[in-house]
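Walk through this structure with me, one feature at a time. Keep the sequence alongside as we go.

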Amino acid sequence: MSFSGIQGHLLQVTVVGCTNLKNTEWISRQDPYVCLEYGSTQHRTSTCTDGGKMPIFQEKFTFSLIERLREINVVVWNSNTVTYDDFIGTGKVQLQRVLSYGYDDNPWPLQTKTGRYAGEARLIMRYEKAQNPVIPFAPSAPPYATSPYQFPPYSTLPQSYPTPSPYPAYPSYPSSMYPPPSTYPPPPAYPPPPLPSAYPPASPYYPPGPGFYPPPPH
């Protein structure tokens, strides 16, 4: 994709920070800073003291675009007070996406002098005269950035309400509308029936003894 007529237009670049930088210190935490080079224009961020492998800068710079130059050089250094600064890594930022859509927030890989992975640099670039501008709703946040929206946790669980019954409720009436309960006297106590004898009573009639029968006929 070719971009013509960009000479002198302004490109806004925000250096957000770096992630997973190569560590150049043995004992203390390193103090990184970032340099941007575009044509003859150079910008340098402030030093992130004790930034270590995850420095944050949030510094904004402006470049005047050059017609046939489509990349920005990024160089990350470790600041030293006694010796020379230590080289951490370098990378190239391509401008095709931001020139086409007006916005780019992708991270860019960094390499050592031998071509090994040295971390990533996070930039946010904006170009107001893009051919197909898009409005970013929310740029993808780096892993070290905190969300600007903080919601307090619930101290108590939300109150739950009972589910209404599907049946209609019956009206309640005052107790005066109901007759009082009847107060009848208890039934009389009857004597218990006599228990039956275990043996039947002896009969007063016994068969006659011998001698009471007539003699047999001869």
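How many disulfides does a search of the whole structure find? The search finds zero. A disulfide is a pair of cysteine sulfur atoms within 2.5 Å. The closest cysteine sulfur to that of Cys-18 belongs to Cys-48, and at 9.1 Å it is too far for a bond. Cys-18 is buried, at a relative accessible area of 1%. Cys-35 is also buried, at 16%. Here buried means under 20% relative accessible area, exposed means over 50%, and partly exposed lies in between (1.4 Å probe, protein chains only).

A word on the basis of these values. This is a predicted model, in which local features need pLDDT of at least 70 and side-chain atom pairs count only at pLDDT 80 or more, while totals for chains, interfaces and linings use all residues. Residues are numbered from 1 along each chain as its sequence is written, and side-chain values use heavy atoms, with hydrogens and water left out.

Turn to the strands. Helices (H or I, at least four residues) and strands (E, at least two) are DSSP runs, numbered from the N terminus. Strand β1 covers residues 10-19 and is mostly covered, with eight of its ten residues buried. Two strands pair if DSSP finds at least two bridges between them. β1 runs antiparallel to β4, and seven bridges join them. Leu-11 has Phe-63 of β4 as its bridge partner. β1 also pairs with strand β9 (residues 117-126), again in the antiparallel sense, over seven bridges. There, Gln-12 stands opposite Arg-126.

Now the rings. How many aromatic pairs does a search of the whole structure find? It finds two. Rings of Phe, Tyr and Trp (its six-membered ring) pair if their centres lie within 6.5 Å; planes under 30 degrees apart count as stacked, over 60 as edge-to-face and the rest as tilted. Tyr-38 and Phe-63 have ring centres 5.9 Å apart and planes at 70 degrees, so they are edge-to-face. This pair links distant parts of the chain, 25 residues apart: Tyr-38 sits in strand β2 (residues 32-38) and Phe-63 in strand β4 (residues 56-64). Tyr-38 is buried at 1% relative accessibility, and Phe-63 is buried at 1%.

Trp-77 and Phe-87 form an edge-to-face pair too, 5.5 Å centre to centre with 80 degrees between the planes. Trp-77 lies in strand β5 (residues 71-78) and Phe-87 in strand β6 (residues 86-94), so this pair ties together parts ten residues apart in sequence. Trp-77 is partly exposed, at 28%.

Charges also meet rings. A charge sits over a ring if NZ of Lys or CZ of Arg is within 6 Å of the ring centre and within 35 degrees of the ring normal. The charged end of Lys-113 sits over Phe-87, 5.3 Å from the ring centre. That of Arg-44 sits over Tyr-33, at 3.6 Å.

Two residues close the walk. Asp-104 belongs to strand β7 (residues 103-104) and is buried at 2%. Its side chain makes a polar contact of 3.0 Å with that of Asn-106. Such a contact is a pair of N or O atoms within 3.5 Å; within protein, one must be able to donate a hydrogen and the other to accept it, and residues adjacent in sequence count only if both atoms are side-chain atoms.

Arg-116 lies in the loop between β8 (107-111) and β9. Is Arg-116 buried or exposed? Arg-116 is exposed, with a relative accessible area of 62%. Arg-116 and Lys-22 are 94 residues apart in sequence, yet 9.8 Å apart in space, C-alpha to C-alpha.
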